[in-house]
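Colleague: I would like to go through this model with you, a few questions at a time.
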Amino acid sequence: MMELVRGTYQYRELIWALALKELKIRYKRSVLGFMWALLNPAFMMLVLTLVFSTIMRFAIPHYAIFLLSVLLPWTFFSQSLSYAVEAIVANGDLIKKVAVPKLVFPMAALVSNLINLFLSLIPLALLVLGMRHPFYWTWLYLPVPLLALTIFTLGLTFFFAAANVYYRDVSHILQVVLSAWFYVTPIIYSLDFIPEKYRWIFKLNPIIYVINGFRLSVYYGMLPKASSVAASFVCAFVSLFIGYAIFRKYQNDFVFYV
Amino acid sequence: MFPNGATAIRLENVTQRFRVIQERPDTLRELFSKFFRHQSSYHDFEAVKNASFEVPQGQMLGLIGRNGSGKSTLLKIVAGVYRPTAGRVEVTGTVAPLIELGAGFHHELTGRENILLNGLLMGYSKREMLEREQRIIDFAEIGDFIDAPVKQYSSGMYMRLAFSVATEVDPDILLIDEILAVGDAPFQQKCFERIQNFRRAGKTILFVSHAMNQVEEHCDRAILIDKGSIMADGPAHEVVEVYRSSMAMEVVGAH
């Protein structure tokens, strides 16, 4: 694990440059360029707000904020995985020609989405103000769930990036897994909607501990229980240990399979 | 940087085995069908067999041989792209691989952005690359195009920029794989001048080429490789002679 920390530090400039490259290319040849990183979530929020305040009315006040407080972290999670699953395969040409540490590719996929997540928090804050939802001091707590989410996501990006080198089906399977995972995670609904006797099943889902802190601090203005925070970090580090161990074991052979 | 006569590259009994898979189970379905039929659908192929040699610091070594003999694989082993199946590889100093020029270039990025990205990929820091940026641009003779995406470059400009980035970074060891076959005559001339400068500065150079006159003219020593094994190792002109006569034999034999 020290090796991962050291490698990340040593190649921080490369990881950052690759992440920026990813974003530059995504917004290249668009008039508004980088602004889209802000406008995309802003328009999504606008649509969701209109839909849930006029057409589908839930008994949840300020539903858009309720939803977005976890939808944005979820989008970061699922987008990072979708990028990272192709990270090694897409850079196959490079890996075959330059001796470059392989970990930079899934890392860069994650960092570019992390930048997007940060940018999308700006329209979320504007929405909170616009809807006159209280702007809780607990926003200051956000770095904690953000850290857990990043570590949790990183572990899975390593796993999927490595697995896809050997079996290209993995990228398709990932999409199926992500869409199923979205619905079994309390994102569009709350865990309170689930009858008490089934709730334990939902609690087996590791990501609920990780994203719990986002909704509590942005929507409810509360801090999660210590046990929930502990659970989120346990899940995060288990994910990282397993994901990176697998990646590390196979990384020197990637060059033969890309 | 090194005491005279120090070894820059040492290979000991290096073997590189590739698994050639006739029908690679690229998908899970294929994997399952393979699994149930209990077939092995691959064979192992040794691109480099038990190769040992040392390159003293400051030497320019030519690697010659027919297509597919294992020259490029050897270069990639030294570059660290492949980890050999067996044997030991020791490389002392920084390596600049000119294996495929512009491998790290991205077409949508500008020349300037690519200089930085390429340098970072080769393990240099951002500061080091910014210091060298102007010299890289000057050598490549790119002019105002430096801030245009490289997809708009002519192939000549592309090659010049790539060569310039790879050599301006001041490596201890330079690996050159047939790249000098491209580019027009004046640029080739410029490349060779730069290589001469590297030699004078005491850098180690591994040079793969099919142009025997270039090998004879520039290299101190040459190694002839055939089917992954080292067939001859000695002064460049002698090894080139061996290669030429073996080729001649084959041509005669074929008739």
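Modeller: Keep in mind that this is a predicted model. Helix H2(B) has these buried residues: Lys71(B), Thr73(B), Leu74(B), Leu75(B), Lys76(B), Ile77(B), Val78(B) and Ala79(B).

Colleague: Why is helix H2 of chain B described as largely enclosed by the rest of the structure?
Modeller: The helix covers residues 71–79 of chain B. A residue counts as buried when 20 or more other C-beta atoms lie within 10 Å of its own. H2(B) is largely enclosed because, of its nine residues, the number buried is eight.

Colleague: Which residue just after H2(B) takes a positive phi?
Modeller: The phi in question is about 90 degrees. The residue that takes it, just after H2(B), is Gly80(B).

Colleague: Which element gives the largest share of the side of chain A that touches chain B?
Modeller: In this interface, 20 residues of chain A are in contact with 25 residues of chain B. Helices H2 (12–27), H6 (92–95) and H13 (254–257) of chain A each give two or more residues to that side of chain A. With six residues, the largest share comes from H2(A).

Colleague: How many residues on the side of chain A that touches chain B are charged?
Modeller: That side has ten nonpolar residues and one polar residue. The charged residues there number nine.

Colleague: Are H4(A) and H9(A) roughly parallel or roughly antiparallel?
Modeller: The axes of H4(A), residues 63–84, and H9(A), residues 169–184, come within 10 Å and cross at roughly 170 degrees. Angles over 145 degrees count as roughly antiparallel. Therefore H4(A) and H9(A) are roughly antiparallel.

Definitions and conventions
Residues are numbered from 1 along each chain as its sequence is written. Chains are lettered from A and ligands numbered from 1 in the order in which they are written. This is a predicted model: local features need pLDDT of at least 70, side-chain atom pairs count only at pLDDT 80 or more; totals for chains, interfaces and linings use all residues. A residue is buried if 20 or more other C-beta atoms lie within 10 Å of its own, exposed if 12 or fewer, and partly exposed in between; C-beta atoms are placed from the backbone. Helices (H or I, at least four residues) and strands (E, at least two) are DSSP runs, numbered from the N terminus. Two residues are in contact if their C-beta atoms, placed from the backbone, lie within 7 Å. Ala, Val, Leu, Ile, Met, Phe, Trp, Tyr, Cys and Pro count as nonpolar, Asp, Glu, Lys and Arg as charged, and the others, Gly among them, as polar. Axes are lines fitted to C-alpha atoms, for helices over the stretch in contact, and angles run from 0 to 180 degrees between N-to-C directions. Angles under 35 degrees count as roughly parallel, over 145 as roughly antiparallel, 65 to 115 as roughly perpendicular and the rest as oblique.
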